[in-house]
Amino acid sequence: MRWESFDSSAALSLRAATLLLDTTRKTPSAVLGLPTGRTPIGMYERIVRECGQDYHCFTEVVTFNLDEYVGVEPEHPASYASYMRTHLFDHVDIQLSNVHIPHGTATDLDLECRNYEEAIREARGIDLMFLGLGRNGHIGFNEPGTPFNARTRVVELTESTRRANAAWFEDGNVPSHAITMGIETILDSRRIILLAAGDGKSEAIERLRDGEISENFPASALRLHPDVLVLCAANS
Ligand code: GLP
């Protein structure tokens, strides 16, 4: 696991955007794993700014989002589908047929999860996966206690995660369940970049760096992967 520290989340975002765009320039048909949350917003802003000048950054890029809330329509403002449109997809030349986000309103959620895994396999796996870090160490929506061999599935969210994400929902009512890529699905990615910044993350960052590898702290699974870069902002 390699680490890079930044004085500000703006500097972290610039570095993350550069790494993403370097990848898509080198491999125009790269398969990317993409996160949501507050942390990657700055990265997406940078990408949009840069790709406004060079409007061919995403022509062949394929994306798979990490997760989505169960029971939330893609048009709902708090859905991760809306988030991705607002922060990235509406502003770059990505083909919507190349965009994958789990459907939280699918009638058969287990089938949806199996199909998601199949779609990742058909795309020949994820070249570069970007992740955020939950305060309790969750990655995607893999909460503490998740077995490291978990694949894409429906999960129940912890109270602390629902509280942390309440601001995204007008009524503060966060769904109780989500679909998330599993830890093993994430670890199958060829390269992983974790973005760690924001209020209340310092304990999680410390635990990721120095703590034990344990299912009680899902992000620690990343230490088992041969190519992980952590970008962290010192002010977090
Ligand atoms: C949510 C997402 C995670 C994200 C985490 C951290 O729970 N499912 O993928 O990493 O929030 O979000 P933030 O960047 O807002 O702290």
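Strand β4 (residues 67–69) and strand β8 (residues 177–180) pair in the antiparallel sense, joined by three bridges. This is a predicted model. The chain's secondary structure amounts to seven helices and ten strands. With a radius of gyration of 16 Å, close to the 18 Å that the globule rule gives for 236 residues, the chain is as compact as a globular protein of that length.

**Strand pairing around β8**

**Strand pairing around β6**

- Strands β2 and β6 run parallel and are joined by two bridges.
- Gly-33 has Met-129 in β6 as its bridge partner.
- Strands β6 and β9 also run parallel, with four bridges between them.
- Phe-130 is placed opposite Ile-193 in β9.
- The side chains of β6 divide into two sets: Leu-128 and Phe-130 point one way, Met-129 and Leu-131 the other way, and all are buried.

**Nonpolar cores**

- The largest nonpolar core holds 35 residues, and those with the most contacts inside it are Leu-20, Met-43, Ile-47, Phe-58, Leu-88 and Leu-231.
- Two or more residues of this core come from each of the elements α1 (9–26), β2 (31–34), α2 (41–53), α3 (80–87), β6 (128–131), β9 (191–196) and β10 (228–233).
- Helix α1 gives the largest share of this core, six residues.
- Beyond its neighbours within four places in sequence, Leu-20 contacts Leu-32, Leu-34, Met-43, Ile-47, Phe-58, Leu-128 and Phe-130.
- Another core, of 30 residues, lies apart from the largest one; Tyr-116, Leu-133, Met-181 and Ala-204 are among its members.

**Ser-13 in helix α1**

- Ser-13 is part of helix α1.
- With a relative accessibility of 6%, Ser-13 counts as buried, because the cut-off for that class is under 20%.
- Leaving out residues up to four places away in sequence, Ser-13 touches Gly-42, Met-43 and Arg-46.
- Met-43, one of the residues touched by Ser-13, is also in contact with Leu-20.

- Gly-125 sits in the loop between α4 (109–122) and β6.
- Its relative accessible area is 16%, so Gly-125 is classed as buried under the 20% cut-off.
- Residues up to four places away in sequence aside, Gly-125 touches Val-31, Ile-120 and Arg-190.
- Gly-125 and Thr-158 are 33 residues apart along the chain, and their C-alpha atoms are separated by 29 Å.

**Cysteines**

- The chain has one disulfide.
- This disulfide links Cys-51 and Cys-57, whose sulfur atoms are 2.3 Å apart; that distance meets the criterion of within 2.5 Å.
- The torsion about the S-S bond of Cys-51 and Cys-57 is about -110°, so the disulfide is left-handed.
- Both partners are buried: Cys-51 has a relative accessible area of 1%, and Cys-57 has one of 8%.
- Cys-113 is buried at 3% relative accessibility.
- Cys-232 is buried as well, with a relative accessible area of 5%.

**Whole-chain figures**

- The C-alpha trace spans about 45 × 40 × 35 Å along its principal axes.
- Buried residues make up 54% of the 236 residues of the chain.
- Among the contacts in the chain with a separation of 6 or more, 79% are between residues 24 or more positions apart.
- The chain exposes about 10,700 Å², and carbon and sulfur atoms supply 47% of that area.

Key
Residues numbered from 1 in each chain as written. Predicted model: local features only at pLDDT ≥ 70, side-chain atom pairs only at ≥ 80, totals over all residues. Heavy atoms only, no water. Buried < 20%, exposed > 50% of the residue type's maximum accessible area, 1.4 Å probe, protein only. Core = buried A, V, L, I, M, F, W, Y, C linked by side-chain atoms within 4.5 Å. Contact = heavy atoms within 4.5 Å. Pairing = 2+ DSSP bridges. Rg over C-alpha atoms; globule rule 2.2 N^0.38 Å. Areas by Shrake-Rupley, 256 points an atom, 1.4 Å probe, with all protein chains shown as cover.
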